[in-house]
Amino acid sequence: MNAPATSPTPTAPGGLPLLGHGLQLARNPLPFISSLRDHGPVVRIRIGPTPAYVVTDPALTRKVLVTDAAHYAKGGKIIDALRVFFGDGLATIADGDAHLRHRRLMQPMFNKAHIADRGDAMIEQVASAVGAWPEGQPRDVYEDMNEVTLGAFLVALFGADLPEHLAGEFTALMPDIMKGTIRQTILPPWVTRLPLPANRAHAQRVARLRALIDQAIDHRRRRAAGPPSGATAPADAGCPHAAAAAGDQRTGLFDTLLTAEDPLTRQQLQDEAITLLTGAIETTGTTLAWTLYEITRHPRVEQRLREELVTVCADRPLAYEDLEHLPYARRVLQEAIRKYGPAWLVTRTATRDLDLGGHLVPEGADVVWSPYLHQHDPAVFSDPDAFDPDRWTTGNTAATRGSFLAFGDGRRKCIGENFAWAELQIILATVLRTWPSFRLTSRAPRPQAVVTVKPDRMTMRFHRQPAPAPRNTDDPAGVTTVAEPGPDSKPSPSAG
């Protein structure tokens, strides 16, 4: 099927010889990508000499992701760069039989019942990590949230009995791995292939990460095989399915892959583990950091969150079953996801000449869509730069359904969405219950668009004593309007 003759596709202004719009994407990516909405539903940009087609209309984005997804393959510059690190994990593997097989194998890992079986172990892990923070000392909240998120996910992925030295090395290694991966996505491919010290260090860390994953896999397999001869163990110790059914939280989500009838190879298991770990850290940790920041800016939001927790939990510890009774916390998190992404730019590749909204997209071209752009569309979200959790109340969300795309859509929609919501709610509730007061100690963070929209700098102090009650306001929704920091996407020194 060839595309029919179509109208000319507008080209974004400001392109430079050789560089195209690369300089604007590097210096001011969020204002630039948002500005494209003013030029039409499909806008051509150039990344260097290569054209790409940015979709600004959510109805056309749905066509790319759902209706005509077979003609828009998972690929493009960002995906190709991530594939070097991820391998052929679920997020980067090409469309086709292999993707369908991996997704079907992994789907049971992320159903609600399977996640619930590991919920209390996650809560215990998060409470231990958050409770260990020293009181009153400035802390890097972005790093803290990534570390807490990783710890909780390791428990869910590999079980609560993962050896301490493995969990510690994962936690120490992943921040540098993520910095190196971000560096690989923003540099030209030929630079990342040079024998530079930073490239060699990244390759060594990735090799070490794969070795750690191998050790975790071997640990899970030994657990599944049962105790040594002569040792005593529970009757179900050799059967991961029976243990999971009984709620044994020593098992992990990964046991589903290890015990599959058609198992993945060791390389495929490594690729999937890397994909899961990276997705769990970067997107969830970023969302939580921005959520805590918005809470410090909106005292009434904080008060409502704490009141909801008291109503549901009273003085007893948080339980997994409580999460469904915390709707306001869910709205606060959803608003943080809407406002800050967390992903801001995603690519697909046209498999043939295509007609997209009356515009010709040639075969092989990158097609770009932006959750950030859609989630800041003033035609869909009134006052999109404001933080307003009540925009997600029942009855207000129908019109926004096609524009909230943080988890993607269609057959490549994020498989871990249910898990992400559970982990986000567990960590937010635990921070609020552990620390009655926390305040920003750095200047207002600037959004920095790399792979996710992360804060460039964010430090807070946490205190055991409650802060004074917020003063009464005339705002019935409890949302105080505060001037927004301007987006700043200059590369962070730490990203090098």
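How many bridges pair S5 with strand S8 (residues 366–369), and in which sense? The legends below take this up. This is a predicted model, where local features need pLDDT of at least 70, side-chain atom pairs count only at pLDDT 80 or more, and totals for chains, interfaces and linings use all residues. Residues are numbered from 1 along each chain as its sequence is written, and side-chain values use heavy atoms, with hydrogens and water left out.

**View 1. Strand S5 and its partners.** S5 and S8 pair in the antiparallel sense over four bridges (strands are DSSP runs of E, at least two residues, numbered from the N terminus; two strands pair if DSSP finds at least two bridges between them). Look for Thr347, whose bridge partner in S8 is Val368. S5 also pairs with strand S3 (residues 72–74), antiparallel again, over three bridges; here Tyr72 has Ala350 as its partner in S5. Four of the five residues of S5 (residues 346–350) are buried, so the strand is largely enclosed by the rest of the structure (buried means under 20% relative accessible area, 1.4 Å probe, protein chains only).

**View 2. Strand S12 and its partners.** Strand S9 (residues 437–440) and S12 pair antiparallel over four bridges, with Arg439 bridged to Arg461 of S12. Two bridges join strand S4 (residues 139–140) to S12 (residues 459–463), also antiparallel, and Asp140 has Thr459 as its bridge partner in S12.

**View 3. Who lines the second largest cavity.** Among the residues lining this cavity are Tyr72, Asp95, Arg348, Arg411 and Arg412 (a cavity is a set of points, on a 1 Å grid over the protein atoms alone, where a 1.4 Å probe fits but cannot get out; lining residues have an atom within 4 Å of a point).

Conventions: Buried < 20%, exposed > 50% of the residue type's maximum accessible area, 1.4 Å probe, protein only. 1 Å grid on protein atoms, 1.4 Å probe; cavity = no way out; pocket = protein on both sides within 12 Å on 5 of 7 lines; lining within 4 Å.
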